[in-house]
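Visitor: I would like to learn how to read helix packing, sheets and chain contacts. Can we go through them one by one?

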Amino acid sequence: MRAQDLIVVAAKCSVITAFRNTIGLAGRLSTRLQPNHPTDDSRGIAASLLDGLLFGVGDAVIGVNPATDGVQDYVRIVTLLDNVRERLDVPTQTCCLGHVTTAIQAINLGAPVDLVFQSIAGSEKANRGFGISLSVLTEAHDAALSLGRGTLGRNVMYLETGQGSALSAEAHFGIDQQTMEARAYAVARRFKPLLINTVVGFIGPEYLYDGKEITRAGLEDHFCGKLLGVPMGCDVCYTNHAQADQDDMDALLTLLSAAGVTFVIAVPGADDVMLNYQSLAFHDILYVRQTLGRRCAPEFEDWLKRMGLADADGRLLEKAASGAIGSAIALIETMEA
Amino acid sequence: MMPDDSPSECDQLVVTDNLTRLRRFTPARIALGRAGSGQLTATGLQFMLDHARARDAVHAALDFEAIGQSLRERDWSVVHVQSAAGDRAEYLRRPDLGRRLSSSGRLAIDGQLHGNDVAIVAADGLSALAVETNLLPVLDHLRPLLLAHSLTIGSLVLVEQGRVAIGDEIGQLLGAKLVVVLIGERPGLSAADSLGAYITWRPRGGAMDSTRNCISNIRPAGLPPEDAATQIVGVIELAFKHAKTGVQLNDLRGTEAILLGGPRG
């Protein structure tokens, strides 16, 4: 199949999920706000979070990749995200992308966990390499559901995949990486995720050598995910040891938007200062909304209007009202690190 | 230039925001402002420069002679080996080769003293700068701490074109109970000098990544080398106590941490 085949088929698929808002409606493109910080500093995370909200980013999820994998930090991060979300009354969901077993511990400690995250792969052996099994995922899914935090829906999982994960763990059994990737979506489907994305350029040139291969893989992954009925998004990204740059990201973002991608990921200025790779900038989201007319989730769009951040058509205003955001800045400045 | 194209007119196209005072809390590129939906020209140019620098860092070669010399001056016994990847281009394309020793490397390791508690491996990985900047400071703090725990350390193995998993083969050949791999992490735009430490109990070929513990972002402006050494020894202590590393050890660590301190904030 050519790129346009992957786009035309995927664009016909509809996958709708819900937690505190509705993801995947026609003409919509949601975004994950990824306010990572190299040492998980609470104020640093909150500062990037606020920066993203001002760009209208974050309706898919506000999700932090923690720098460490301890349960203490996990609990601190989800509590922080939940506090900011509640303070600003944002109709979205939050997530700390720690290991699923850490999430289970945090839930048992009473932490405010909206979505449980896990990286998954397309073979039992590769999943063992991630320290997971279907039964551990089931346990986590049940634990998250037991909290009953979703107001509009019960999709409580956030999953990540990417071509090459099985191969890099030598758990691919001689099968090509694209087939192994599609198998991961079959794992995902079982847990009715709110969101799933391929981290397409993250794994590096060992698996996807340059911008052209990253672009092709992004379209393949989105196509396969949609055919298998999962709410497929993409981290449009690359690492510094791959032959790619921001022009490749612009192209893939544009192609995926035409294909009806469920969501993409954005970080301040396209530079993830914790994971050390480049994703999309908040600005890039404005670009695709303006150029292709894709809107965010309706509940989130209503919030942007209420906050004085968007006009009646949902377009971001040149000058945001400062009221509630001003109080959020004050909140951050009084936070502990 | 049009007569009315004055700087003040241009400034009106630029949307600034009031988040600049939050910049002190994060190295992230926040409060950039925008021009329409786009970034300002200066922002875009700075990004391209930073990207070019990060690309250079990936391809910079580590001066193994100089590092080896400095280590010997500090009374380390040093073995310098190569992975099966012949050069940087092959290293980037063939991760499997970066995880295996070259045949000469294997011979060199075979000649070393066998059966120490801890094997320490230092590899260039994706950042020569990280190793140049942070290896010696980490080791200067790490060695006394390990010796204080009565743990024996063998020769330090320097690996050219190495990946994390090469420590499994090296640790196994050395008959070590545990291996610490100190390796240059993939350069980011804002930090090209991050060292990572990967700790694996009972190293052997084919070990899963879920059986390792990782301490990341070791650099002066991130996790300082002295603190990193303390954290590495903390993990090693637990690893020897429970005879495991990785996700299973994290489960135990999580429980102990909560019992000791309770969650912050």
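Guide: Two packed helices are described by the angle between their axes and the distance between the axes. Take helix α7 (residues 128-148) of chain B and helix α9 (residues 225-242) of chain B: their axes come within 8 Å and cross at roughly 45°. α7(B) and α9(B) are therefore oblique to each other. Angles under 35 degrees count as roughly parallel, over 145 as roughly antiparallel, 65 to 115 as roughly perpendicular and the rest as oblique. Axes are lines fitted to C-alpha atoms, for helices over the stretch in contact, and angles run from 0 to 180 degrees between N-to-C directions. Helices (H or I, at least four residues) and strands (E, at least two) are DSSP runs, numbered from the N terminus.

Visitor: How should I take the numbering and the model itself?

Guide: The model is predicted: local features need pLDDT of at least 70, side-chain atom pairs count only at pLDDT 80 or more, and totals for chains, interfaces and linings use all residues. Residues are numbered from 1 along each chain as its sequence is written, while chains are lettered from A and ligands numbered from 1 in the order in which they are written.

Visitor: Which hand does the crossing of α7(B) and α9(B) have?

Guide: A crossing is left-handed if the near helix is turned anticlockwise from the far one by less than a right angle, and right-handed if clockwise. α7(B) passes α9(B) in a right-handed crossing.

Visitor: Which residues of α7(B) and α9(B) meet?

Guide: Contact means that C-beta atoms, placed from the backbone, lie within 7 Å. From α7(B), the residues include B:Pro137, B:Val138 and B:Leu142; among those they meet in α9(B) are B:Ala228, B:Ala229 and B:Ile232. By class, this contact has 10 nonpolar, two polar and one charged residues. Ala, Val, Leu, Ile, Met, Phe, Trp, Tyr, Cys and Pro count as nonpolar, Asp, Glu, Lys and Arg as charged, and the others, Gly among them, as polar.

Visitor: Now chain A. At what angle do α2(A) and α3(A) pack?

Guide: The angle is about 40°, with the axes of α2(A) and α3(A) 11 Å apart. That makes α2(A) oblique to α3(A). Their crossing is right-handed. A:Ser42, A:Ile45, A:Ala46 and A:Leu49 in α2(A) face A:Arg76, A:Ile77, A:Leu80 and A:Val84 in α3(A), and these residues meet. The classes are six nonpolar, one polar and one charged.

Visitor: What about α8(A) and α9(A)?

Guide: Helix α8 (residues 177-189) of chain A packs on helix α9 (residues 211-227) of chain A at about 35°, with axes 9 Å apart. This crossing is right-handed. A:Tyr185 is one of the α8(A) residues in the contact, and A:Cys224 is one of those in α9(A). Here the count is three nonpolar, two polar and three charged residues.

Visitor: On to sheets. In what order do the six strands of the chain B sheet run?

Guide: Strands pair if DSSP finds at least two bridges between them. The sheet is open, mixed in pairing, and ordered β3-β5-β4-β6-β7-β8 in chain B. β3 (78-82) and β8 (212-218) of chain B are at the edges with a single partner strand each, so one side of each is left without a neighbour in the sheet. On average, neighbouring strands are turned by 20° against each other, direction ignored. Strand β7 (residues 195-201) of chain B runs antiparallel to β8(B), joined by five bridges. B:Leu195 has B:Ile218 in β8(B) as its bridge partner.

Visitor: Last, the chain contact. How many residues does each chain give?

Guide: Chain A gives 56 residues and chain B gives 52 residues. On the chain A side, the largest share, eight residues, comes from α2(A). That side divides into 21 nonpolar, 24 polar and 11 charged residues.

Methods:
Contact = placed C-beta atoms within 7 Å.
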